[in-house]
Amino acid sequence: MPVRSDLRNVAIVAHVDHGKTTLVDAMLWQSGAFGAHAHVEERAMDTGDLEREKGITILAKNTTVRYRGPAAAEAGEPDGVTINIIDTPGHADFGGEVERGLSMVDGVLLLVDASEGPLPQTRFVLRKALEAKLPVVLVVNKVDRPDARIDEVVHESTDLLLGLAADLHEDVPGLDLDAVLDVPVVYASAKAGRASLTRPADGSMPDSPDLEPLFATLLERIPAPTYDEGAPLQAHVTNLDASPFLGRLALLRIRNGTLRKGQTVAWARADGSLQNVRITELLATRALDRVPTAEAGPGDIVAVAGIAEITIGETLTDPDDPRPLPLITVDDPAIAVTVGINTSPLAGKGGKGHKVTARQVKDRLATELVGNVSLRILPTDRPDTWEVQGRGELALAVLVEQMRREGFELTVGKPQVVTKVIDGVIHEPIERMTIDAPEEYLGTVTQLLAGRKGRMVTMANHGTGWVRMEFMVPARGLIGFRTSFLTDTRGTGIAFSIAEGHEPWAGPIETRSSGSLVADRPAS
Ligand SMILES: Nc1nc2c(ncn2[C@@H]2O[C@H](COP(=O)(O)OP(=O)(O)OP(=O)(O)O)[C@@H](O)[C@H]2O)c(=O)[nH]1
Ligand SMILES: [Mg+2]
């Protein structure tokens with residue numbers, strides 16, 4: 001099979017805050033993406049307002065660097081290698097973004113914080129990567145942290161890899177266990193832009209002055225895209241974006257063939273129909289910008305403008321020999337809230353130009369569905385209210401906050417879990433929850449979780465006065481959990497959770513013992 005050896009497509013995946021976006025910054029700077037005096041914000045890829053405010057990544061985004069360091073020549077590409085990097089969100093509620101990001105790439109950099117070690121989202125993203133048979137490079141990041149425990153974290157990560165590989169062995173035919181376990185380890189400080197293959201002492205910097213060892217490992221371990229010689233065009237829509245000038249942009253990974261500006265291609269739609277469309281604008285990514293380009297080949301990630309209704313999972317293909325690629329599926333939503341128009345006596349008093357009608361809310365929700373594959377919107381028995389389903393509370397809260405800023409007035413219901421009937425039995429979503437807390441709160445935490453139908457799976461004592469516990473808990477038990485948890489552990493506990501499929505309904509859970517706050521007039 002022919003190979004695009006001048007190209008690599010890689011996704012950076014990790015638990016929340018382990019340093020993905022910071023690492024992308026360093027890779028951009030060191031490949032000369034910005035001029036020496038350019039003013040670029042930290043975490044340049046986090047461009048959304050809410051992303052900058054909250055300091056987290058919400059949407060997966062792509063960037064491109066042109067790497068010309070010594071390892072490029074060694075890989076037989078003295079002119080440099082183009083690396084497409086997908087920065088993914090680490091928060092579990094945006095897991096759908098990660099799954100989608102993985103459909104664009106040929107391998108992943110798995111970041112693990114040198115002090116925190118692997119956490120639930122690490123497990124989730126690693127599982128997805130292994131299911132997709134993507135090679136993994138383990139990057140132990142933040143080795144400079146004074147509380148780093150590098151050796152232990154490497155062991156915990158390889159244990160996780162081993163456990164997952166054993167789990168998946170049956171479900172994923174053709175999974176090569178030896179290849180899975182042969183994972184290179186790079187030690188990094190993304191913040192300092194340094195990496196090494198040699199383990200630094202806990203809390204000290206990697207011995208190389210830059211990221212060269214990481215780039216070299218990436219070129220060696222992440223396979224270059226392959227394609228079928230002479231095969232017809234197949235370009236997969238893996239993400240959507242909007243440009244103020246060009247309207248909707250479809251982000252495509254080209255699997256086979258060539259896509260040219262001005263060309264007429266067949267658009268294979270999700271409903272199975274085919275429609276001829278012209279490529280009026282073709283854009284490549286250069287660092288943080290999209291620039292016009294004349295053509296793109298196999299392995300390239302490009303954006304196409306001008307196809308108004310195109311959505312994720314669809315294919316642009318050859319009209320004479322159409323070969324649509326499979327649609328992209330992601331895990332089912334776990335949490336639902338009702339969102340409706342503002343029915344309070346204060347409706348419309350929020351300000352001029354506020355959006356208050358059912359039509360406006362409905363259209364806005366419909367727009368959100370287009371770019372967000374992990375959301376679902378269902379009608380309710382009221383014409384002015386809809387049920388919005390998502391992965392978790394934060395995903396739904398982000399949507400509601402976004403709409404509020406756009407001037408919508410909304411009534412939002414209490415979160416509920418999305419149940420499923422399997423073999424005639426009601427099943428509910430289950431979360432795997434990891435909790436770090438000081439030893440003295442062990443009893444309190446266990447009791448708190450027990451009240452929410454949580455079941456302890458493992459417990460580890462690092463010998464530092466802190467314990468790490470893992471529970472399986474019904475998702476509904478976690479609604480409003482955080483507040484009680486923080487109060488009960490006096491603000492010291494850290495809790496993370498991630499969806500783990502469905503289990504039979506666990507019975508009633510007592511969640512709320514206090515009342516609610518009602519307002520019927522504006523504050524003065
Ligand atoms: N000490 C230290 N801090 C780091 C390092 N890399 C990142 N950080 C810090 O860790 C925090 C989180 O970094 P981000 O790059 O936003 O993490 P992320 O993985 O992109 O987070 P999400 O996208 O929200 O999942 C920031 O405050 C960074 O400055 C590192 O190598 N050493
Ligand atoms: Mg980020």
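A residue is buried if 20 or more other C-beta atoms lie within 10 Å of its own, exposed if 12 or fewer, and partly exposed in between, with C-beta atoms placed from the backbone. Helices (H or I, at least four residues) and strands (E, at least two) are DSSP runs, numbered from the N terminus. With these terms, helix 8 can be read. The buried ones are Pro-213, Leu-214, Phe-215, Ala-216, Thr-217, Leu-218 and Leu-219.

This is a predicted model: local features need pLDDT of at least 70, side-chain atom pairs count only at pLDDT 80 or more, and totals for chains, interfaces and linings use all residues. Residues are numbered from 1 along each chain as its sequence is written, while chains are lettered from A and ligands numbered from 1 in the order in which they are written.

Now the whole chain. Its secondary structure comes to 12 helices and 27 strands. The C-alpha atoms fill a box of roughly 65 × 60 × 55 Å along the principal axes. The radius of gyration, taken over C-alpha atoms, is compared with a globule rule of 2.2 Å times the number of residues to the power 0.38. For 524 residues, a compact globule would have a value near 24 Å; the chain has 24 Å, which agrees. Buried residues make up 42% of the 524.

Contacts tell another part of the story. Two residues are in contact if their C-beta atoms, placed from the backbone, lie within 7 Å. Take the contacts between residues at least 6 apart in sequence: 71% of them join residues at least 24 apart.

Ser-5 has 15 C-beta neighbours inside 10 Å, so it counts as partly exposed. Beyond its neighbours within four places in sequence, Ser-5 is in contact with Ala-75, Gly-76, Glu-77 and Ala-224. Ser-5 and Asp-106 are 101 residues apart in sequence, yet 13 Å apart in space, C-alpha to C-alpha.

Move on to Ile-12, in strand 1. Ile-12 is buried, because 29 other C-beta atoms lie within 10 Å. Leaving aside neighbours within four places in sequence, its contacts include Lys-20, Leu-23 and Val-24, along with Ile-85, Ile-86, Leu-109 and Leu-111.

Helix 1 follows. It covers residues 20–30 and is mostly covered: 9 of its 11 residues are buried. Those residues are Lys-20, Thr-21, Thr-22, Leu-23, Val-24, Asp-25, Ala-26, Met-27 and Leu-28. What covers them includes strand 1 (7–14), strand 2 (61–67), strand 3 (81–87), strand 4 (107–113) and strand 5 (136–141). After helix 1 comes Gly-32, with a positive phi near 75°.

Next, how helices pack. Two packed helices are described by the angle between their axes and the distance between the axes. Here axes are lines fitted to C-alpha atoms, for helices over the stretch in contact, and angles run from 0 to 180 degrees between N-to-C directions. Angles under 35 degrees count as roughly parallel, over 145 as roughly antiparallel, 65 to 115 as roughly perpendicular and the rest as oblique.

Helix 4 (residues 95–102) and helix 5 pack at about 30°, with axes 10 Å apart. That makes helix 4 roughly parallel to helix 5. Gly-95, Val-98, Glu-99 and Leu-102 in helix 4 meet Phe-124, Val-125, Lys-128 and Ala-129 in helix 5.

Helix 5 (residues 120–131) also meets helix 6 (residues 150–168); their axes come within 10 Å and cross at roughly 50°. The two are therefore oblique to each other. From helix 5, the contact takes in Thr-122, Arg-123, Leu-126, Arg-127, Leu-130 and Glu-131; from helix 6, Leu-160, Leu-161, Leu-164, Ala-165 and Leu-168.

Asp-423 sits between strand 23 (420–422) and strand 24 (425–438). Its phi is near 50°, a positive value in a residue other than glycine. Asp-423 is exposed, with 6 other C-beta atoms within 10 Å. Arg-490 is found between helix 12 (481–488) and strand 27 (494–504). Arg-490 is not a glycine, but has a positive phi of about 50°. With 12 C-beta neighbours inside 10 Å, Arg-490 counts as exposed.
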